[in-house]
Each structure stands twice: as C-alpha cells, then as structure tokens.
Amino acid sequence: MSDKEVCRYLELVDRRLFIIIHSGIDWKPGYISEMEDIDKELAELRVLVEKAHRQRRITKQ
C-alpha cells in the first residue's frame, strides 16, 4: 500500500467520523450520498489494507 493510499484511507475515515460525530441535528441530505461514496472508496482501499497485512504476516514468519 502506497503512502498516498494510506493517507487517502485515513482522510476518508476522518471525514466519515466527522460527519457521524458532528452532524447531529445539522444532518444534511447530501451526507447520505457522501457517506455512500466514502464507504465505497473505503471498501476498495480495504482490499489493499488486507493485502498489506497478509504480506507483513508472511514476512514475519
């Protein structure tokens, strides 16, 4: 996983948490599509995270 992909993953997680924690009564309908987009991109990046974890486990053995 590249540095750029790691940073993107963390940015998406941060944005998702911000929306969840801070939106409250200020929830906007646009958040729904933004959260769906975030979840989709996170799922794609999660494949790379899992691959990196597998490679690290193999290297440690």
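This is a predicted model: local features need pLDDT of at least 70, side-chain atom pairs count only at pLDDT 80 or more; totals for chains, interfaces and linings use all residues.
**Entry 1: salt bridges between the helices**

I began with pairs of opposite charge, since side chains of opposite charge can pair when their charged atoms come close. The structure holds 5 salt bridges, and I looked up several of them in turn. In one of them Glu41 is paired with Arg8, and the closest N and O atoms are 2.8 Å apart. I then checked where the partners sit: Arg8 belongs to helix H1 (residues 3-23) and Glu41 to helix H2, so this pair ties together parts that are 33 residues apart in sequence. Both side chains are partly exposed, Glu41 with a relative accessible area of 25% and Arg8 with 34%.

Next I turned to Arg16 and Asp39, whose side chains meet in a salt bridge with an N to O distance of 2.6 Å.

How far apart are the closest N and O atoms of Arg46 and Glu50? I found them 2.6 Å apart, and the two residues form a salt bridge. Arg46 and Glu50 are 4 residues apart in helix H2, so about one helical turn separates them. Arg46 is partly exposed at a relative accessible area of 33%, and Glu50 is partly exposed at 29%. I also wrote down a network: Arg8, Glu11 and Glu41 are joined into one by salt bridges that share partners.

**Entry 2: the aromatic pair**

I then looked for rings that pair, and the structure holds 1 aromatic pair. The partners are Trp27 and Tyr31, with ring centres 5.2 Å apart and planes at 70°, so I recorded the pair as edge-to-face; the cut-off behind this step is that planes over 60 degrees apart count as edge-to-face. Are these two residues buried or partly exposed? Trp27 is partly exposed, at 39% relative accessibility, whereas Tyr31 is buried, with a relative accessible area of 15%.

**Entry 3: surface patches**

Which residues form the positive surface patch? I listed Lys51, Arg54, Arg56, Arg57 and Lys60. I followed up one of them, Lys51, which lies in helix H2 (residues 30-60) and counts as partly exposed at 43% relative accessibility.

Last, I looked up a nonpolar surface patch of about 250 Å², made by Met1, Val6 and Leu10. Of its members I checked Val6, which lies in helix H1 and is partly exposed, with a relative accessible area of 35%.

**Entry 4: what I want to remember**

Conventions: Residues are numbered from 1 along each chain as its sequence is written. Side-chain values use heavy atoms; hydrogens and water are left out. Patches are made of residues with over 30% relative accessible area and no salt bridge: like charges are joined within 9 Å, nonpolar side chains (Val, Leu, Ile, Met, Phe, Trp, Tyr) within 5 Å. Accessible areas come from the Shrake-Rupley method with a 1.4 Å probe; for residues, only the protein chains shown count as cover. A salt bridge is a side-chain nitrogen of Lys or Arg within 4 Å of a carboxyl oxygen of Asp or Glu. Lys and Arg count as positive and Asp and Glu as negative; His and the chain ends are not counted. The place of a charge is taken as NZ of Lys, CZ of Arg, CG of Asp or CD of Glu. Helices (H or I, at least four residues) and strands (E, at least two) are DSSP runs, numbered from the N terminus. Buried means under 20% relative accessible area, exposed over 50%, partly exposed in between (1.4 Å probe, protein chains only). Rings of Phe, Tyr and Trp (its six-membered ring) pair if their centres lie within 6.5 Å; planes under 30 degrees apart count as stacked, over 60 as edge-to-face and the rest as tilted.
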